[in-house]
Amino acid sequence: QVQLVESGGGLVQAGGSLRLSCAASGSIFSIDVMAWYRQAPGKQRELVAGITSGSSTNYADSVKGRFTISRDNAKNTAYLQMNSLKPEDTAVYYCNSFLTSELLNTPRSYWGKGTLVTVSS
């Protein structure tokens, strides 16, 4: 069974920083992509940033220059460093991974349960 567990959310003032972590565990054969999505109240879930196994990255325009995604392949962990946070960054942040488990032998998408980030003005 594969699990993604996020941590690092919390309350921060505008202009502050937070670092989110996403640890993948279980019978994992390989991880292709790790990504962060977010969903604000009343809005659709949106992609924030993604990183491939080769460390190629992509970002939503709204976070470019402020957020940085990284991963530690040895630990099956992805990180999202969030700087210069704005109130509009307030959302539940979800970790997503496209990976192959040792049981299924076919890549599929997995989701974490999310971590709340609240940015006060």
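# Notebook: pocket, strands, disulfide, rings

I began with the largest pocket, which has a volume of about 190 Å³. I then listed its lining: of the 13 residues there, the closest to the centre are Arg38, Ala40, Lys43, Glu46 and Glu88. I sorted the lining by class and got 2 nonpolar, 4 polar and 7 charged residues. I note for the record that the model is predicted.

**S4 and S5.** Arginine 38 stands opposite glutamate 46 of S5. I looked up the strands themselves: S4 covers residues 28-39, S5 covers residues 46-52, and they pair in the antiparallel sense over 6 bridges. The two form a hairpin with 6 residues between them. I checked the turn for a positive phi and found glycine 42, at about 80°.

**S5 and S6.** I followed S5 to its pairing with S6 (residues 57-59), which is antiparallel and has 3 bridges. For alanine 49 I found tyrosine 59 in S6 as the bridge partner. This hairpin has 4 residues between the strands, and serine 55 takes a positive phi near 75°.

**S9 and S10.** Next I took S9 (residues 91-101) and S10 (residues 108-111), an antiparallel pair with 4 bridges. I looked up serine 97, and its bridge partner in S10 is tyrosine 110. Between these strands the hairpin has 6 residues, and I noted asparagine 105 with a positive phi near 60°.

**Disulfide.** I searched the cysteine sulfurs with a cut-off of 2.5 Å. By this rule I count 1 disulfide. The link joins cysteine 22 to cysteine 95, with an S to S distance of 1.9 Å. What does the pair tie together? Cysteine 22 lies in strand S3 (residues 18-25) and cysteine 95 in strand S9, so the pair ties together parts that are 73 residues apart in sequence.

**Rings and charges.** I looked for aromatic pairs and found that the structure holds 1. I also looked for charges over rings. The charged end of arginine 45 sits over the ring of tyrosine 94, at 3.7 Å from the ring centre. Tyrosine 110, the bridge partner of serine 97, has the charged end of arginine 108 over its ring, 3.9 Å from the centre.

Terms used. Residues are numbered from 1 along each chain as its sequence is written. This is a predicted model: local features need pLDDT of at least 70, side-chain atom pairs count only at pLDDT 80 or more; totals for chains, interfaces and linings use all residues. Side-chain values use heavy atoms; hydrogens and water are left out. Rings of Phe, Tyr and Trp (its six-membered ring) pair if their centres lie within 6.5 Å; planes under 30 degrees apart count as stacked, over 60 as edge-to-face and the rest as tilted. A charge sits over a ring if NZ of Lys or CZ of Arg is within 6 Å of the ring centre and within 35 degrees of the ring normal. Two strands pair if DSSP finds at least two bridges between them. On a 1 Å grid over the protein atoms alone, a cavity is a set of points where a 1.4 Å probe fits but cannot get out, and a pocket is an open set with protein on both sides within 12 Å along at least five of seven lines; lining residues have an atom within 4 Å of a point. Grid points are joined across faces, edges and corners, and a volume is the space filled by probe spheres set on the points. Ala, Val, Leu, Ile, Met, Phe, Trp, Tyr, Cys and Pro count as nonpolar, Asp, Glu, Lys and Arg as charged, and the others, Gly among them, as polar.
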